Amino acid sequence: MEPVDTGLKDADTLDDDTASGDDAPAQQPAPPTLRQLLLAVEELWPESLAENWDEVGLVAGRPSAPVTRVMFAVDPTLEVIDEAVEWGAELLITHHPLLLKGVTSVAATTAKGQAIHRLIESGTALLTVHTNGDSAVGGVSDVLADALGLEDVAPLTVAANGLPEEGIGRVGDLPEVMSLGDFAARVFGILPSVAGGVRVSGDKDGLIRRVAVCGGAGDSLFNEVRASNADVYVTADLRHHPASEAREEAVNGRPYLIDVSHFASEWLWLPAAASALGNVLADQGHDVEIQVSSTNSDPWDFILTPG
């Protein structure tokens with residue numbers, strides 16, 4: 001296991017050294033095909049767990065093509081695609097879809113068209129693991145909850161087509177009571193550095209123990225958060241009106257709110273996902289290099305704050 005500098009947090013490459021015989025070089029097994037990689041991904045993050053509005057699965061690529069290198073990233077931006085191509089990845093797995101809405105053209109006159117052309121012309125497949133990666137055991141919110149030290153974790157919303165422990169968001173308890181300020185500092189400390197930092201709504205000295213989390217945009221889950229009796233809710237992209245309404249409807253100030261970067265909250269999943277896929281492929285006898293993208297695809301570059 002060789003460490004990889006992602007430029008954000010520590011991650012691992014998952015390429016196993018292949019032993020060779022003393023007398024003659026061992027014959028290398030044929031690399032797995034993209035079709036075999038898709039089966040491994042389906043085992044970890046079944047497409048049946050995706051929300052009905054979502055678009056997940058294979059976006060570009062020939063199922064019969066061999067795959068020796070896989071890169072994980074949050075966003076299929078042009079910079080990320082270039083990084084994957086230059087590293088020699090035959091498969092790029094991103095959390096966010098490239099084509100969430102219908103299109104009538106993929107001409108290289110738009111950024112998305114350029115992305116499709118770059119992928120196809122370089123022979124790099126693109127696979128989206130989005131809300132199925134959110135919902136699955138070991139998914140985005142599970143990793144976030146684990147990084148925050150939560151115990152007795154359960155979904156905020158149970159998946160319609162999954163196990164009881166699968167669904168969007170998670171809620172659990174800290175081992176001991178903390179102040180909101182100290183907990184916000186813990187949240188800040190586990191996330192990759194981005195311009196927006198961490199925003200907090202609530203009494204800095206207020207005590208918390210029960211925590212709800214949702215990687216990515218989670219302001220549609222306030223009813224579930226209140227029903228879970230969470231003291232604080234950690235999520236991303238909190239808009240003005242939902243956040244204001246949540247404060248107005250809070251009981252004794254709770255749930256407090258912690259708003260983080262969408263990209264940062266989901267980036268935490270990438271090393272865990274890379275490790276999980278590497279383990280499945282190794283169990284199947286496949287030798288594939290897996291790396292986490294070092295590209296920071298958070299869209300913001302700097303922030304101005306008072307005083």
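Residues are numbered from 1 along each chain as its sequence is written, and side-chain values use heavy atoms, with hydrogens and water left out. Because the model is predicted, local features need pLDDT of at least 70 and side-chain atom pairs count only at pLDDT 80 or more, while totals for chains, interfaces and linings use all residues.

Q: What makes E5 and E6 a pair of strands?
A: Strands are DSSP runs of E with at least two residues, and helices are runs of H or I with at least four, both numbered from the N terminus. Two strands pair if DSSP finds at least two bridges between them. Strand E5 (residues 91-94) and strand E6 (residues 125-128) have four bridges, in the parallel sense, so they meet the definition of a pair. Within this pairing, Ile93 stands opposite Leu127 in E6.

Q: Why are E3 and E13 called edge strands of their sheet?
A: The open sheet has five strands in the order E3-E6-E5-E4-E13, with mixed pairing. Strand E3 (57-60) and strand E13 (289-292) each have a single partner strand, so one side of each is left without a neighbour in the sheet. From one strand to the next, the twist averages 25 degrees; the angles are taken between axes, which are lines fitted to C-alpha atoms (for helices over the stretch in contact), and run from 0 to 180 degrees between N-to-C directions.

Q: Which strands are at the edges of the six-stranded sheet?
A: This open sheet has the order E7-E8-E10-E11-E12-E9, also with mixed pairing. Strand E7 (151-158) and strand E9 (199-201) are its edge strands, as each pairs on one side only. Direction ignored, neighbouring strands here are turned by 25 degrees against each other on average.

Q: How do you know that E8 pairs with E10, and in which sense?
A: Six bridges join E8 to strand E10 (residues 207-217), and the two run antiparallel. E10 in turn pairs with E11 in the parallel sense over four bridges, and Ala212 stands opposite Tyr233 in E11. E11 and E12 also run parallel, joined by five bridges, with Tyr256 in E12 as the bridge partner of Val232.

Q: Why is the pair of Phe72 and Trp269 called edge-to-face?
A: Rings of Phe, Tyr and Trp (its six-membered ring) pair if their centres lie within 6.5 Å; planes under 30 degrees apart count as stacked, over 60 as edge-to-face and the rest as tilted. For Phe72 and Trp269 the values are 6.2 Å centre to centre and 80 degrees between the planes, so the pair is edge-to-face. The pair links distant parts of the chain, 197 residues apart: Phe72 lies in strand E4 (residues 69-73) and Trp269 in helix H10 (residues 269-283). Together with Trp45, Phe72 and Trp269 form one aromatic cluster. The whole structure has four aromatic pairs.

Q: Why do Phe72 and Trp269 count as buried?
A: Buried means under 20% relative accessible area, exposed over 50%, and partly exposed in between (1.4 Å probe, protein chains only). Phe72 has 0% relative accessibility and so counts as buried. Trp269 is buried as well, with a relative accessible area of 0%.

Q: What makes Phe222 and Tyr233 an edge-to-face pair?
A: Their ring centres are 5.7 Å apart and their planes stand at 75 degrees, so the pair is edge-to-face. Phe222 belongs to helix H7 (residues 222-227) and Tyr233 to strand E11 (residues 232-236), 11 residues apart. Both residues are buried.

Q: Is Pro299 buried or exposed?
A: Pro299 has a relative accessible area of 61%, so it is exposed. Pro299 is found in the segment after E13. By contrast, Leu163, in the loop between E7 and strand E8 (167-179), has 45% and is therefore partly exposed.

Q: What makes a space in the model a pocket, and which residues line the largest pocket?
A: On a 1 Å grid over the protein atoms alone, a pocket is an open set of points with protein on both sides within 12 Å along at least five of seven lines, whereas a cavity is a set where a 1.4 Å probe fits but cannot get out; lining residues have an atom within 4 Å of a point. The largest pocket holds about 430 Å³ of space, where grid points are joined across faces, edges and corners and the volume is the space filled by probe spheres set on them. Of its 20 lining residues, the closest to the centre are Asp237, Ser261, His262, Asp298 and Trp300. Strand E12 (256-260) and helix H9 (262-267) are the elements that give two or more residues to the lining.
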